[in-house]
Number of protein chains: 2
Amino acid sequence: MFESAEDAAIAGVLALLLEVSGTPKAGNVDRDHNFPDLRFEHFLASASAVYPVFLKTARGKSSIGRLVLEAVESSMSWHRAKNVHFGCFMLLIPLIRCWQAEDVGKAVVEDLKRTSVEDSLAVLKAFRLSGARVMEVNELSLTEDETELRLVERNINLYDWLLHSPRENVVAMELINGYKISFKGKDVLLDFFTEHEDVNLAIVYTYHYLLSEYLDPLVIAKHGLEVAKEVREKARGVLNEFEISFDIEILKSFDEELLARGINPGSIADLTASSIYLALREGLRF
Amino acid sequence: MFESAEDAAIAGVLALLLEVSGTPKAGNVDRDHNFPDLRFEHFLASASAVYPVFLKTARGKSSIGRLVLEAVESSMSWHRAKNVHFGCFMLLIPLIRCWQAEDVGKAVVEDLKRTSVEDSLAVLKAFRLSGARVMEVNELSLTEDETELRLVERNINLYDWLLHSPRENVVAMELINGYKISFKGKDVLLDFFTEHEDVNLAIVYTYHYLLSEYLDPLVIAKHGLEVAKEVREKARGVLNEFEISFDIEILKSFDEELLARGINPGSIADLTASSIYLALREGLRF
């Protein structure tokens, strides 16, 4: 548990920084891998830029939707890339808001149930501003032009809107399920760190663990369900192999394969960030 | 110029992050190089941890010495390494305090002249707490046990104490000379970035430029004046060679040489951070 609002906000920023720095992290940006339009430095700028929003969040000011929108706006004013942290903000802002709760997962769910349609509209605006990618769904899709009208007409708050998300949207599911995946990720991270005392490797291991357990909706959206399943299976094999020798080259070659194929499991990276945040909350220091 | 105290604090944190991430940076920690007891992740934790202190600094709360001490304390509560950012804090905190001044260099000097012996004592405490390394001098040395007593007896404020520093202490000289080196570094950085649009390379170039112009007091302290001069000469040659081909391998092999010899020009890294801060202040976005 954190001792102050400042500490909760610091942990939010540090979780973003540790996540993006974790290398190798199959298919994603890390300290050694940039994409042409999305660089490691964009993540540094974005993480630095959101501290004031995280602090406001921890102090209980404003609403979830408004805070997610402010985070995206602040992030974008400090770099020239498009979406950097939308998924991370969606996961971290509710956690930081509830930093004083003992059962933070449950507290977030209760908090989400108290949101209004204004939160939904602000998240929609944040999403469009950031140019984030999501799966297409039939109704109330983040990419559907009429969504705004329908949200207002039916007075759908953020919780109800998240309930409408496709089951494959792990970030939405994580929010309505009280961070079950991130709590598991946190345990994996802390166990690995206790044994090996290497924070980068603990983060990398956690990322690949999550990749071996869950399908990434961004991979589904871009490459289809079969490719997403193939990635999960391969991650299982890679992780098993890695656990025998702890040879980093095994992870590097998997990274190279996914990068070459343009497969970027961004939602798994988001879940890694929330896992790190929970680990810091539980006292991880290195 | 920044528009708010928040922006000045963001730039302070981002300057720390961009500096340590800059790779290759001959002899120092960067995203691809850890020392056994000082890792890249320690810098991420330290940079995140000082946010509240930078924000307090930008809002004009507290005094320079007290803020440097609080920065070191906050930094150390988030990682287990010894000194990570002492030199950077000494350079950045006065700059962030004066973020609203048009002539920020002059404003810092005036600000320093208004300090009291309490600032000197707080900086001394911060230095000892962080375990930073400096050059030994004959009197009022940061490492001398009786310094505290003498500072109090003679009622020496931070400005006067900095005046007592050896000429080779570039961080102290930078403060009393209104950041002449950092302003030059800022120009070098912005010029390079304008031409090449690569923020990492612009930072790396700036670092090597500073290394080719100034002697690092930490290198003098650990290896002697002759080695420090040799490093400066070599940096000049390396920079000239790099400017012809822009082949990063030239910088990498210089980095490997210094790392192998245990030569870590930490004060030049500090000056790189203040140069980056000034570039962000002048509107650098990437």
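The accessible surface of chain A comes to about 10,900 Å², and 46% of that area belongs to carbon and sulfur atoms (areas come from the Shrake-Rupley method with a 1.4 Å probe, and for residues only the protein chains shown count as cover). This is a predicted model, in which local features need pLDDT of at least 70 and side-chain atom pairs count only at pLDDT 80 or more, while totals for chains, interfaces and linings use all residues. Residues are numbered from 1 along each chain as its sequence is written, chains are lettered from A and ligands numbered from 1 in the order in which they are written, and side-chain values use heavy atoms, with hydrogens and water left out.

**Chain A as a whole**

- Chain A holds 16 helices and zero strands; both are DSSP runs numbered from the N terminus, with helices being H or I of at least four residues and strands E of at least two.
- A compact globule of 286 residues would have a radius of gyration near 19 Å, and the 18 Å of chain A agrees with this (the radius is taken over C-alpha atoms, and the globule rule is 2.2 Å times the number of residues to the power 0.38).
- Along the principal axes, the C-alpha atoms of chain A fill a box of roughly 55 × 45 × 35 Å.
- Of the 286 residues in chain A, 62% count as buried; buried means under 20% relative accessible area, exposed over 50%, and partly exposed in between, with a 1.4 Å probe and protein chains only.
- Among the contacts in chain A with a separation of 6 or more, 72% are between residues 24 or more positions apart (contact means heavy atoms within 4.5 Å).

**Nonpolar core**

- The largest nonpolar core has 238 residues, and Phe54(A), Tyr277(A), Phe54(B) and Tyr277(B) touch the most other members. Such a core is a set of buried Ala, Val, Leu, Ile, Met, Phe, Trp, Tyr and Cys residues joined through side-chain atoms within 4.5 Å.
- Apart from neighbours within four places in sequence, Tyr277(B) is in contact with residues including Phe2(B), Ala8(B), Leu92(B), Ile96(B) and Trp99(B).

**Aromatic rings and charges**

- Rings of Phe, Tyr and Trp (its six-membered ring) pair if their centres lie within 6.5 Å; planes under 30 degrees apart count as stacked, over 60 as edge-to-face and the rest as tilted. By this rule there are 15 aromatic pairs over all chains.
- Phe86(B) and Phe127(B) form an edge-to-face pair, because their ring centres are 5.6 Å apart and their planes are at 65°. This pair links distant parts of the chain: Phe86(B) is in helix α5 (residues 86-97) of chain B and Phe127(B) in helix α7 (residues 117-130) of chain B, 41 residues apart. Both Phe86(B) and Phe127(B) are buried.
- In chain A, ring pairs join Phe192(A), Tyr205(A), Phe242(A) and Phe246(A) into a cluster.
- Arg285(A) lies over the face of Trp78(B), 4.0 Å from the ring centre. The charged end of Arg285(B) sits over the ring of Trp78(A), 4.0 Å from its centre. A charge sits over a ring if NZ of Lys or CZ of Arg is within 6 Å of the ring centre and within 35 degrees of the ring normal.

**Backbone points**

- Most residues other than glycine have a negative phi, and most peptide bonds are trans.
- The peptide bond from Thr23(A) to Pro24(A) is cis, with omega near -5°, and Pro24(A) is found in the loop between α1 and α2 of chain A.
- A cis bond also joins Thr23(B) and Pro24(B), with omega about -5°; Pro24(B) lies in the loop between α1 (5-21) and α2 (40-49) of chain B.
- Ser62(B) has a positive phi near 65°. Ser62(B) is in the loop between α3 (51-58) and α4 (64-76) of chain B and is partly exposed, at 34% relative accessibility.
- Asn155(B) has a positive phi of about 50°. Asn155(B) is in the loop between α8 (147-154) and α9 (158-163) of chain B and is exposed, at 53% relative accessibility.

**Two buried loop residues**

- Leu38(A) is in the loop between α1 (5-21) and α2 (40-49) of chain A, and is buried with a relative accessible area of 15%. Its contacts beyond four places in sequence are Val29(A), Phe43(A), Ala81(A), Asn83(A) and Val84(A).
- Leu215(B) is in the loop between α12 (199-213) and α13 (217-223) of chain B, and counts as buried at 16% relative accessibility. Beyond four places in sequence, its contacts include Glu168(B), Val170(B) and Arg232(B).
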